[in-house]
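The following paragraphs lead through the structure displayed below, beginning with a pair of helices and moving on to the core, the loops and individual residues.

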Amino acid sequence: MMDLLEQQLTWTNFAILFAWGVVLLLVVLGFVTYAIYFERKVIGWMQLRIGPNRVGPLGLLQTVADVTKLLIKEDTIPHKAERELFILAPVITFIPAFTVIAAIPFAPNLLSSNMNVGILYYVALSGISTIGIVLGGWASNNKYALLGGMRSAAQMISYEIPLVISVVGVIMMTGSMNLNAIVLQQEGGFWHWNFLPQIIGFCVFIVAAVSELNRTPFDLPEAESELVAGYHVEYSGFRFAFFMLAEYVYVFAIAGLTTTLFLGGWHAPFPFLSFIPGIIWFLLKFSFIVFCLFWFRATLPRIRVDQLMGLGWRVLLPLALVNIFVTAIYMAIAM
C-alpha cells in the first residue's frame, strides 16, 4: 500500500514539474517573440525609423509572421556536412539556454527550483552552448563557418571567466550560491542591494554578459556586416531559428540573473512599497535590463576582434580579481 502511495506521489510530482516546464517554455517563447518586436521598435525610435507596422495592429504580428516563415522554409543540409552533428548542434545550443532558467527565483512563491548551487548550475549549463556553436561551425564543412565557430568560442570562453569571477564577491557577501538566499539577503531597500557594495563586480558582469550574449558591440560571431554570418552560415529554416531562439532565451536568463544577483530580485526599492507583489518588481527590473541591452545595440558601434579580446583579458579579468580583494577587505572591516 505504501509503495503504491509513493508511486502515485512520484507521478503527481512529475506531472506538476512537467506542467510547470511547459508553462515556463510558453512564457519564454512568448517573451522571445515580442522581445524581437520590442527591440525592433525601440531601435527604430532611437534611430528615427518606424519599425514593424504592417502585419497586425501596430505590427504586433510581424515577429509571428517571421517565425512562421522560418518554420515552413526549406531545410537544407550541405551535401558534405557531418549530417548528425549538423542536426544536433542547434539543439545543444538551445537546450542549456532554456534549462538555466530553472535556477532563477521570480517571486517568493514562484521558484522553479531552490538549488544550493544555483550559480554553479547556471555557469555549468551555459558553457555547453559554446560546444553547440563550435559544433555547428565545424559540422557545416565550411571554412567560414568553422572560423566563425572558433571565433565565437574564443569570445565566449574569454568572457565567461570574468563573468564568473565577478559574481564571487556576491557569493562572499551572502555566504551561499543559492539564488533564493542571495535575494533574501538584499531585503530592506535598494541600499541593501548588491549593486552598491559590488559596483565593480556589477559593471564587469554587465559587460561580460553582453559579450556572452553575442550582442552589439560584441556581436562578432554573427556579424551581419560581413559577407557570411559566421558559424550558422549554412543553416536555414527552423535550425537557423533555433540559434536565434537560444540567443534571446539567454537574454531572458541574463536579465533574470542580473536582477537576482545585483538588483534585489523581487524586493521593492523602498520598504513602504512592499505591498506591491514581488513578481511586479521583478518584472520591472527585468524589463529595464532587457531595455538596456536593446539600447546598447542601438547606440554602440561594433569593436574589432583584437579590442574584444584585449578588453576581456587585460581589463575585465583584472577588475574582477580586484573586486574579490576589495570585497574581502570590506568584509573584514565591517566585521
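Angles between axes under 35 degrees count as roughly parallel, over 145 as roughly antiparallel, 65 to 115 as roughly perpendicular and the rest as oblique. The axes are lines fitted to C-alpha atoms, for helices over the stretch in contact, and angles run from 0 to 180 degrees between N-to-C directions. This is a predicted model, in which local features need pLDDT of at least 70 and side-chain atom pairs count only at pLDDT 80 or more, while totals for chains, interfaces and linings use all residues. Residues are numbered from 1 along each chain as its sequence is written, and side-chain values use heavy atoms, with hydrogens and water left out.

Helix H9 and helix H10 (residues 278–299) pack with their axes 9 Å apart, at an angle of about 125°; the two helices are therefore oblique to each other. Helices (H or I, at least four residues) and strands (E, at least two) are DSSP runs, numbered from the N terminus.

A nonpolar core is a set of buried Ala, Val, Leu, Ile, Met, Phe, Trp, Tyr and Cys residues joined through side-chain atoms within 4.5 Å. Buried means under 20% relative accessible area, exposed over 50%, and partly exposed in between (1.4 Å probe, protein chains only). The largest such core has 58 residues, and those with the most contacts inside it are Phe31, Ile101, Phe205, Val249 and Leu261. Helix H9 (residues 237–262) supplies the largest share of this core, 13 residues. Leaving aside residues up to four places away in sequence, Val249 touches Val28, Val32, Phe94, Ala97, Phe98 and Ile101. Apart from this core lies another, of 11 residues, among them Ile92, Ile133, Tyr235 and Phe243.

Ala241 is also found in helix H9 and is buried, with a relative accessible area of 19%. Although Ala241 and Val67 are 174 residues apart in sequence, their C-alpha atoms are 7.7 Å apart in space. Ser126, in helix H4 (residues 118–126), is buried at 5%; beyond residues up to four places away in sequence, Ser126 touches Val100, Glu160 and Tyr250.

Asn214 lies in the loop between H8 and H9 and has a phi near 60°, a positive value in a residue other than glycine. Leu48, in the loop between helix H1 (2–46) and helix H2 (62–72), has a positive phi of about 60° although it is not a glycine. Asn214 is buried, with a relative accessible area of 6%, whereas Leu48 is exposed, at 82%.

Notes: Contact = heavy atoms within 4.5 Å.
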